Amino acid sequence: MAILDLKDVTGGYSRKPVLHEVSFNIQKGELVGLIGLNGAGKSTTIKHIIGLMNPQGGTIEINGVTFDEDTEMYRKSFSYIPETPILYEELTLREHLELTAMAYELPQDVFEARSAALLKEFRMEKRLKWYPSHFSKGMRQKVMIMCAFLAEPALYIIDEPFVGLDPLGIRSLLAQLTQRTENGASVLMSTHVLSTAEKHCDRIILLHEGSVRAHGTMDDLRKALGRPEASLDDLYIAMTEEADYEQLT
Amino acid sequence: MNSLREVWGNRFGKYVMELQRYLQYVFTGHLAIVLLFSIGAAGYAYSEWLKDVPAELPAAWLIALLLAASTFIATPVTLLKPADAVYLLPLEKELPTYTGRALNWTFFSKLPLPIIVFIVALPMLSAYEIGSKQVFGLLLLLIIAAMWVSVRTEFLFRKANEGQGVWQDRFIRFVLSTLLFYAVLSQQWIILVIIAIAYALYGSLWMKKAAVKPFPYTHFIELEQNRMMGFYRFANYFTEVPHLKGSISKRSWLGLFMPDAHVERTDAQSFLLRRTFIRTDESFWLWLRLTVLSILGVVFIPFPIVAFVFIGALAFASAIQTLQTLRGGDEFRMDLLFPNTEETRPKEIFRLTERVQWLQAGFVLLAGLFMHGLSVTPFIMGAVVLIISEATIRLTTNKEEE
């Protein structure tokens with residue numbers, strides 16, 4: 001059974017859809033990259049998946065459950081890291097972690113152990129009593145990442161995770177993603193850092209103007225676009241140019 | 001691109017519209033009546049006092065101090081925006097076209113205060129037989145000049161020091177202004193000339209220092225944002241201001257109400273909402289103000305019926321404002337994705353609002369017992385707060401659910 005399964009999802013902010021029959025799935029233990037130009041529909045796809053937007057058509061299942069069938073189970077099955085860190089200005093770093101642990105009903109000892117490991121990994125142990133107003137953008141992003149990883153759900157949905165992170169932070173994030181996929185969790189990651197996506201993602205979904213233009217492993221994409229030696233950068237540019245050419249003709 | 005003169009013109013037009021938009025709520029009929037009565041009462045008390053002024057009062061010094069106090073704070077109103085740090089950067093040489101207009105507006109917007117102080121001071125000067133028409137004319141001219149120099153000097157000081165140590169500059173100007181106004185009132189013309197020269201030299205010193213420094217966009221943009229936020233906070237007492245960013249304070253002295261969490265036993269929404277209420281200045285101070293006003297009403301309103309109406313109205317305002325603040329706006333919050341959010345958050349908002357209103361009722365009861373002793377009145381007062389609060393919370397919640 002797929003952890004995340006989108007079938008013919010059509011949706012957007014108004015009656016005119018942004019997404020057109022988007023279908024893809026993510027299996028257990030997979031890290032899948034969602035790639036597309038600005039405005040391709042990546043964030044809209046993610047908003048539909050996390051339940052902030054209702055699809056106009058099609059279905060979205062996480063762990064075999066749709067949002068309407070069992071909202072609590074659906075929400076427990078994923079954690080989300082938004083592109084722009086959204087923190088509670090009135091909570092300290094420790095309180096953010098505690099809040100997440102309460103919301104996902106973690107036992108106290110599990111919370112202590114997981115938070116200690118994450119704080120060490122992201123070098124934030126000394127900032128437990130800090131409020132978000134004292135954090136840099138990268139630190140705010142680290143808080144979001146730690147909260148998401150604290151819950152250990154079946155699926156991680158991550159929107160542009162590398163923006164604002166320093167090289168050590170990026171390394172820690174990638175190490176965490178690798179470890180979690182090895183343990184059976186799945187990841188959907190939207191990013192513009194194509195070299196990293198090519199290196200770390202098991203599969204890539206190329207989204208263009210609200211439709212899935214191509215998807216599969218790097219080899220699948222190379223075959224589909226007829227460029228056996230191409231990098232993801234080359235494939236990405238080729239795909240968008242081809243799509244624009246098709247539109248013109 | 002528009003010239004900087006046009007940029008200032010456009011921004012100023014929008015700024016005036018923004019001020020008008022909120023000031024219409026601030027100066028409603030009620031506030032106008034309160035102001036009218038307050039000014040009338042103060043004017044009457046002042047005129048009575050003038051009939052028999054104490055002879056030993058150093059009137060000239062006092063008026064010089066008051067006039068200096070009304071001119072020395074000259075925070076520039078630049079209307080700069082965050083994007084200016086990028087887009088106006090290449091136009092730094094042309095920036096004086098913009099800042100010159102900004103300083104002219106700052107000068108004219110701040111001038112009324114010292115002029116009012118001057119007008120109010122005139123009867124007192126006559127009562128103490130200080131000065132003459134010529135002296136008053138000169139004083140008025142010097143007030144205008146001091147305001148003009150203050151606006152420009154504070155701007156230049158901020159430019160030269162990126163806003164650091166501005167109170168040093170203000171203190172020096174305050175001392176110079178006090179001496180200047182006293183010299184006029186006491187008609188010590190040589191001292192007046194010396195102080196005026198010192199004032200001019202002080203201004204020219206900062207002109208020279210500022211000339212070689214790049215324009216500190218970050219400081220002036222932050223200053224402008226803080227100034228507007230102050231205005232929005234003030235306007236928020238009278239009407240809802242959507243773009244008001246709530247400020248946060250730790251308030252660790254209220255740690256008793258924010259106990260350490262035990263993640264298995266504490267409810268996430270209860271944990272979050274308590275901290276939101278206590279640490280968000282807007283919600284906390286509003287509740288506290290209304291509670292203190294209720295207590296003052298109980299203590300100072302001599303007629304119990306009037307006191308019941310007064311504390312009932314404040315309980316309604318307090319309950320509804322607390323509910324609204326805790327509900328938050330339409331912005332995305334991470335707890336929207338938490339399991340169980342839809343069921344638990346509204347319940348916790350209801351419960352917390354209820355509790356803070358019970359607390360308010362408790363304070364009102366205690367104040368009532370203090371004033372009226374062990375009798376029925378204090379308990380009715382407490383009950384009024386409880387009943388109005390409960391009704392407000394329940395009716396508002398039911399309305400939302402419908």
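Glu152(A) is partly exposed, with a relative accessible area of 41%. The model is predicted, so local features need pLDDT of at least 70 and side-chain atom pairs pLDDT 80 or more, while totals for chains, interfaces and linings use all residues. Residues are numbered from 1 along each chain as written, chains are lettered from A and ligands numbered from 1 in written order, and side-chain values use heavy atoms, without hydrogens or water.

Start with the partner of Glu152(A). Its side chain meets that of Arg114(A) in a salt bridge, 3.3 Å from N to O. A salt bridge here is a side-chain nitrogen of Lys or Arg within 4 Å of a carboxyl oxygen of Asp or Glu. Glu152(A) sits in the loop between helix H5 (137-151) and strand S6 (155-159) of chain A, and Arg114(A) in helix H4 of chain A, so the pair ties together parts 38 residues apart in sequence. Helices (H or I, at least four residues) and strands (E, at least two) are DSSP runs, numbered from the N terminus. Arg114(A) is partly exposed too, at 21% relative accessibility.

Chain A has another such pair. Glu30(A) and Arg203(A) form a salt bridge, with the closest N and O atoms 2.7 Å apart. This pair links distant parts of the chain: Glu30(A) is in the loop between strand S2 (19-26) and strand S3 (31-36), Arg203(A) is in strand S8 (residues 203-208), and they are 173 residues apart. Glu30(A) is buried at 13% relative accessibility. Arg203(A) is buried at 14%.

Now move to chain B. Asp84(B) and Arg11(B) meet in a salt bridge of 2.6 Å, N to O. Asp84(B) lies in helix H4 (residues 84-87) of chain B and Arg11(B) in helix H1 (residues 4-26) of chain B, so the pair joins parts 73 residues apart in sequence. Asp84(B) counts as buried at 3% relative accessibility. Arg11(B) is buried at 15%. Elsewhere in chain B, a network of salt bridges links Glu154(B), Arg158(B), Asp169(B), Arg170(B) and Arg173(B). Over all chains, the structure holds 28 salt bridges.

Next, see where the chains meet. The contact (heavy atoms within 4.5 Å) takes 28 residues from chain A and 25 residues from chain B. The area buried between them is about 2600 Å², and carbon and sulfur atoms give 67% of it. Buried area is the accessible area (1.4 Å probe) that two parts lose on being put together, summed over both. Arg75(A), Glu90(A) and Met102(A) supply 26% of the area that chain A buries against chain B, more than any other three residues.

Glu95(A) forms a salt bridge with Arg279(B), the closest N and O atoms being 2.6 Å apart. On the side of chain A that touches chain B, the elements giving two or more residues are helix H2 (71-76), strand S5 (78-81), helix H3 (93-103) and helix H4 (108-121) of chain A. H3(A) gives the largest share, six residues.

End at helix H13 (residues 304-327) of chain B. At 1.5 Å a residue, its 24 residues should span 34 Å, and its end C-alpha atoms are 34 Å apart, which agrees. The expected span is 1.5 Å times one less than the number of residues. Among the buried residues of H13(B) are Phe308(B), Ile311(B) and Leu314(B). Gly328(B) follows H13(B), with a positive phi near 75°.

Methods. Buried means under 20% relative accessible area, exposed over 50%, partly exposed in between (1.4 Å probe, protein chains only).
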